[in-house]
Every structure is written in structure tokens, then in C-alpha cells.
Amino acid sequence: MTSLVLTLSETLRYRGAIGQWSWVLHRISGLGVVLFLTLHVIDTSWAVFYPELYVDAIAAYQSPIFTLGEFGLVACVIYHALNGLRIAIFDARPKLWKHQARAAVIVLAATAIILIPTFLIMFAHVLNFYNEGRPVMNIVDAVVKQAPFAAGIAVAIIAAVLLSAVSSVIIPARKSQGRGSTVERFWWSFMRVSGLLIVPLVFGHLAMIHLIQGVFDITLAGHTVVGTTLANETGTAVEFVANRWGMLVGGVAVWKLYDFALLALVVIHGFNGLRYVLTDYTSGSRFAKSAAIYLCVIGAVVLLTLGGLALLNTIDSSAIELAQEATRALHGG
Ligand code: HEM
Ligand code: HEM
């Protein structure tokens, strides 16, 4: 905790110029995406396990507060991806180091250049939605519906602290391996390779669900679902996912396969990144540091299991009927 306060105050005081600010932005954008991912993988699994809850989750995504968050999320993903590529390129080519400052400015400029048309297209989707006068969940309901996630995160923190307490009794204190160890060298390479692989996957996902079809089109009846030949007849969020995951090309469920790869890479990359951040601020206490590591392991295992199980299941017509009822109840029909 003291090291976190120290980092915050030193970040504001220290005049480390652009390199320091790009480090801060990379960290904040990575953490923002990890938080979103945690909610997102859990609620996507509801399309399979609790169709009624998935209807609510997508209605919350379409509310004004989440629309603001969606613009922030897209900005975070684009900045983090471009800056991550900069880090990977400079790590591989130390000769380029003298150009670090210029490269950091190029990353900021490229982020702005990509964001301007992206935001304009997203904004056009928002305007269409409000012009059509479709029902909107109010902000208080959208926020209250996130309470179970906050409770889940609190439970994960308690479990991590308990595991740390138990392991400190059972496992004798070892000399810290530090970032130079073989394991840490593996993670260093993994972060760079996974980052490269994530770029096309996450940009493709966002292009499909923000640009080609917006978040609001997920519940548009009679609309052909992006990346499929199937129409969303009922206009329910659950049928949208069912059509995407049911789309077969040569007998292969292509979007399931795509989501498997995206899930594995972003969860492992994101939670290992979270471990870097949390262990930076807990390095003074063996107990807090091991609790931080347990928390990251718990988070990754829960998301990989839930997301993986959802992808292995099939969304049948009874789930779509439940979603239709829930949609009618939500909009008072
Ligand atoms: C507001 C922004 C987003 C929306 C509305 C959205 C929407 C969706 C939808 C409808 C699905 C269901 C299946 C599909 O269509 O492929 C899905 C799955 C998925 N999305 Fe997103 N997505 C968003 C942003 C992201 C981001 C930024 C990431 C990565 C960091 C991501 C990672 C995933 C993963 C891993 C799955 C598969 C989940 C599972 O296995 O259960 N999504 N998303
Ligand atoms: C889109 C492509 C991405 C690229 C190219 C990328 C690249 C990188 C790189 C190179 C690092 C530095 C690793 C190190 O210090 O050894 C990093 C850190 C990190 N990444 Fe990513 N990443 C991407 C996507 C994501 C996503 C989707 C998430 C969230 C789910 C995420 C979360 C993080 C976090 C939390 C860190 C730690 C930041 C820190 O130590 O300050 N990244 N990323």
C-alpha cells in the first residue's frame, strides 16, 4: 500500500517526460481492459447458463453509462495494443532505443488517428438507437446490476488472502526468484508473443461488435448477425450469440474457435499483467505478494473455466424462449 501511494505521488512529481506517461497509460489501459474482461466473460457465459440474466446484461451495456464506458474501453484497447507493439519492437531491437521518445509520440498520434473515425462510427450507432426510440435501461438499474460482480471480486480477494495465510504456514519461505528467473523469462516472452496474437483477434472482435454492427444491433429483430448468414429472428441477445456460435463453415464452428483463442490469450495475458502490477505494489510483504498472486490465479482459472464451458455448450431454442420472456418483462411488454 505504501508503495502504491509512493508510486502515485512520484508519478505526479517526477518529470520523466513522455516515457513515464506512456508507462502510466499502458498500465491504466491494461487494468481497465482486465476489469471489463472479468465482467464480460462472466456475463457472456450467461447466454448459455442464465439466458434471462444475459438479456439484462446486454440491456445494461446499451444504457448511457455503459455507452460512455464503451468509448473508454475502445480507447484503452487501441492505445494499449499500439503501445504494446512499440514495447515489443524496442525490446527486440535495442539499437532503436534512442528513438523511444519519438515512438511514444507516434503511438499517441496513431491512437488519435484510429480513434477519430472509430468514435464517429460508434456515435452514429448511438444516434440511430436513440432516434429509433427503443427502450433504454435507466442508469441506476444498470449500476445496481453490477453489484454481484463487486461481491464476486470481494469473495475472490478473501479466498486469495486465506490461501496466502494457509500457504505461508505450510510452505517454508523461499528466496524470491525475481524477474531474472527462467519462469519470469518465459512470462516476459509470453507477454510479447500473446500481445502480437491478440492484436488481430481483439481488433476483429471490436470491429464486428462496435463498427460493422454496434452493441445496439445485438437486440435488433430480423437483422443478419455479423459474421453469419443467420437472422436474429427474435431480436434477443441470446439468439445473437446462438447464431454466432452456431455458424458452421465446413462443419467447423468458426466463431467458437475464434472466441476460444481470444479467451485463452486475453485472460492469461491480462491476469499475468495484473500480477505484474499487483506484485509491484506488494513487494514489501511476502504475505500480501502471495495473496496478490493467488488472486490473479483465481481470476484467470474462473474466467477460463466459465468462458470455456460456455463455448463447449450449445444454446438451444428453450434458452431463446427464456430470453424472449425476459426481454418482454424488461420492457414491460
Ligand atoms: C462493449 C464491448 C464488447 C461487446 C459488446 C462484446 C460482445 C461480445 C459478444 C456478443 C460475445 C458473444 C460471442 C460472439 O459474438 O463472438 C463476446 C464474446 C467474447 N468477447 Fe467480447 N465484446 C466486447 C469487447 C470485448 C473485449 C475488449 C474483449 C477482450 C479484451 C472481448 C473478449 C471476448 C471473449 C474472450 C469472448 C468469448 C467469451 C466466452 O468464451 O464466453 N470482448 N463478446
Ligand atoms: C491488443 C494487443 C496487446 C498487446 C500488443 C499487449 C502488449 C503488452 C506488453 C508488451 C506488455 C508489457 C509486458 C511486460 O512488461 O513484460 C503488456 C502488459 C500488460 N497488458 Fe497487454 N497487450 C495487449 C492486450 C492486452 C489486453 C486485451 C489486456 C487485458 C485483458 C492487457 C493487459 C495488460 C496488463 C494489465 C499489463 C501489465 C501492465 C504493467 O505491468 O504496467 N493487454 N501488454
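Helices here are DSSP runs of H or I, at least four residues long, numbered from the N terminus. The model is predicted. For ligand 2, α2 (17-49), α4 (64-92), α8 (182-212) and α10 (254-281) each supply at least two residues of the shell. α4 and α8 also pack against each other, at an angle of about 155°.

**Ligand 2**
- The shell around ligand 2 holds 27 residues.
- The closest are Gly30, Gly84, Gly195, Gly270 and Gly273.
- By class, 17 residues of this shell are nonpolar, 8 are polar and 2 are charged.

**The α4/α8 pair**
- The axes of α4 and α8 lie 10 Å apart, and the angle between them is about 155°.
- Angles over 145 degrees count as roughly antiparallel, so α4 and α8 are roughly antiparallel to each other.
- α4 passes α8 in a left-handed crossing.
- On the α4 side, the contact is made by Val74, Val77, Ala81, Gly84, Ala88 and Asp91.
- On the α8 side, Arg192, Gly195, Leu196, Val199, Val202, Leu206 and His210 make the contact.
- The contact of α4 with α8 counts 8 nonpolar, 3 polar and 2 charged residues.

**Ligand 1**
- Ligand 1 is surrounded by 25 residues.
- Thr44, Asp259, Leu263, Gly307 and Ala310 are the closest.
- Six helices are named for this shell: α2, α4, α8, α9 (237-246), α10 and α11 (286-312) each supply at least two residues.
- The largest share, 6 residues, comes from α2.
- The shell around ligand 1 has 17 nonpolar, 5 polar and 3 charged residues.
- α2, α4, α8 and α10 are named for the ligand 1 shell, and these helices are also named for the ligand 2 shell.

**Ala57**
- Ala57 sits in helix α3 (residues 51-61).
- A residue is buried if 20 or more other C-beta atoms lie within 10 Å of its own; Ala57 has 22 within 10 Å and is therefore buried.
- Leaving aside neighbours within four places in sequence, Ala57 is in contact with Asp43 and Trp46.
- Thr44 is 13 residues from Ala57 along the chain, and their C-alpha atoms are separated by 8.6 Å.

Conventions: Residues numbered from 1 in each chain as written. Chains lettered and ligands numbered in written order. Predicted model: local features only at pLDDT ≥ 70, side-chain atom pairs only at ≥ 80, totals over all residues. Near = placed C-beta within 6 Å. Nonpolar A, V, L, I, M, F, W, Y, C, P; charged D, E, K, R; others polar. Axes fitted to C-alpha atoms, helices over the stretch in contact; angles between N-to-C directions. Parallel < 35°, antiparallel > 145°, perpendicular 65-115°, else oblique. Left-handed = near helix turned anticlockwise from the far one by under 90°. Contact = placed C-beta atoms within 7 Å. Buried ≥ 20, exposed ≤ 12 C-beta atoms within 10 Å, placed from the backbone.
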